[in-house]
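Student: Can we go through the holes and the sheet in this one? I have the model open.

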Amino acid sequence: MDRQADLRVLAFDFDGTLFRLPVDFAGLKADLGLAPDAKLGPLFQQYLDEGNTEGLDVVTRYERESVPRGEFTTGARELLEALTGRYQLAIVTRNSRHCVFDALGNLADGLFVIGREDVARLKPDPEGVHAVLKHFGVTAEEAVLVGDTYHDVEAAHAAGARSVIVRNESLKFRPEGADTYIETLSELLPALEG
């Protein structure tokens with residue numbers, strides 16, 4: 001990746017990138033009164049737009065309940081430990097920040113976390129990335145967003161930051177347009193600093 005010398009902030013997506021949340025989507029849809037084939041992604045933004053805190057609370061409950069059955073992605077725990085003190089670290093997620101803290105435990109210490117409660121517009125909107133840049137007082141050129149979906153590529157690029165996509169085997173398609181692609185998070189530091 002070009003411009004490694006000026007890299008100061010690493011922002012990560014959460015679910016699918018650092019941690020796998022086995023959310024009971026069938027139960028969630030049933031509790032929300034949705035059809036089994038309903039798409040949830042657009043619904044989360046709709047709930048934010050409408051101020052539907054009751055619906056968002058149900059989503060958050062399902063996310064948090066899934067944490068004990070979840071697991072770190074390959075290399076995630078070791079990477080977070082290795083990055084401490086080397087870069088400013090953040091998480092920008094469409095999930096609840098409470099879920100992030102539940103899942104990461106003490107690995108979340110020192111992380112700046114932007115969850116869906118903290119923004120008006122979810123990724124792929126760059127609002128969360130802009131909040132990270134402002135928090136750390138850096139320019140977009142000094143930041144990278146590491147994720148697994150097109151939401152991450154589009155949010156990073158809309159903010160002017162670089163994007164790294166880590167392979168997520170549960171996705172049908174690898175998102176296009178990222179600056180760098182890696183198979184696992186254990187490849188991130190060599191890709192950034194190599």
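Tutor: Start with a term. A cavity is a set of grid points where a 1.4 Å probe fits but cannot get out. Its volume is the space filled by probe spheres set on the points. Keep in mind that this is a predicted model.

Student: OK. What volume does the second largest cavity have?

Tutor: About 40 Å³.

Student: Which residues line the second largest cavity?

Tutor: Val9, Ala11, Val129, Val132, Leu133, Ala143, Val144 and Leu145. E1, helix H6 (127–136) and E6 each give two or more residues to that lining.

Student: How many of those lining residues are nonpolar, polar or charged?

Tutor: Eight are nonpolar, with no polar and no charged residues.

Student: And what lines the largest cavity?

Tutor: Val92, Thr93, Arg94, Ile114, Gly115, Val119, Arg121, Leu122, Lys123 and Gly128. By class, that lining has four nonpolar, three polar and three charged residues. The volume of the largest cavity is about 40 Å³.

Student: Back to E1 and E6. How do they pair, parallel or antiparallel?

Tutor: Parallel. Strand E1 (residues 9–12) and strand E6 (residues 143–147) share four bridges. Ala11 has Leu145 in E6 as its bridge partner.

Student: What is the strand order in the sheet?

Tutor: E5-E4-E1-E6-E7-E8. The six strands form an open sheet with parallel pairing. Strand E5 (112–114) and strand E8 (180–182) are the edges, each pairing on one side only. From one strand to the next, the twist averages 20 degrees.

Student: Which strands does H7 lie across?

Tutor: E6 and strand E7 (162–166). H7 runs at about 170 degrees to E7.

Student: Switching to pockets. How much space is in the largest pocket?

Tutor: About 1,300 Å³. Its lining has 39 residues, and Asp15, Phe25, Thr149, His151 and Leu171 lie nearest the centre. Helix H1 (25–31), helix H2 (41–50), helix H3 (53–66) and helix H7 (150–159) each give two or more residues to the lining.

Student: Which element gives the largest share?

Tutor: H2, with four residues.

Student: What about the second largest pocket, what volume?

Tutor: About 150 Å³. Leu80, Tyr87, Leu107 and Phe136 are among its lining residues. Helix H4 (76–83) and strand E4 (88–92) each supply at least two. The lining of the second largest pocket divides into six nonpolar, four polar and two charged residues.

Note on methods. Residues numbered from 1 in each chain as written. Predicted model: local features only at pLDDT ≥ 70, side-chain atom pairs only at ≥ 80, totals over all residues. Heavy atoms only, no water. 1 Å grid on protein atoms, 1.4 Å probe; cavity = no way out; pocket = protein on both sides within 12 Å on 5 of 7 lines; lining within 4 Å. Nonpolar A, V, L, I, M, F, W, Y, C, P; charged D, E, K, R; others polar. Pairing = 2+ DSSP bridges. Axes fitted to C-alpha atoms, helices over the stretch in contact; angles between N-to-C directions. Contact = heavy atoms within 4.5 Å.
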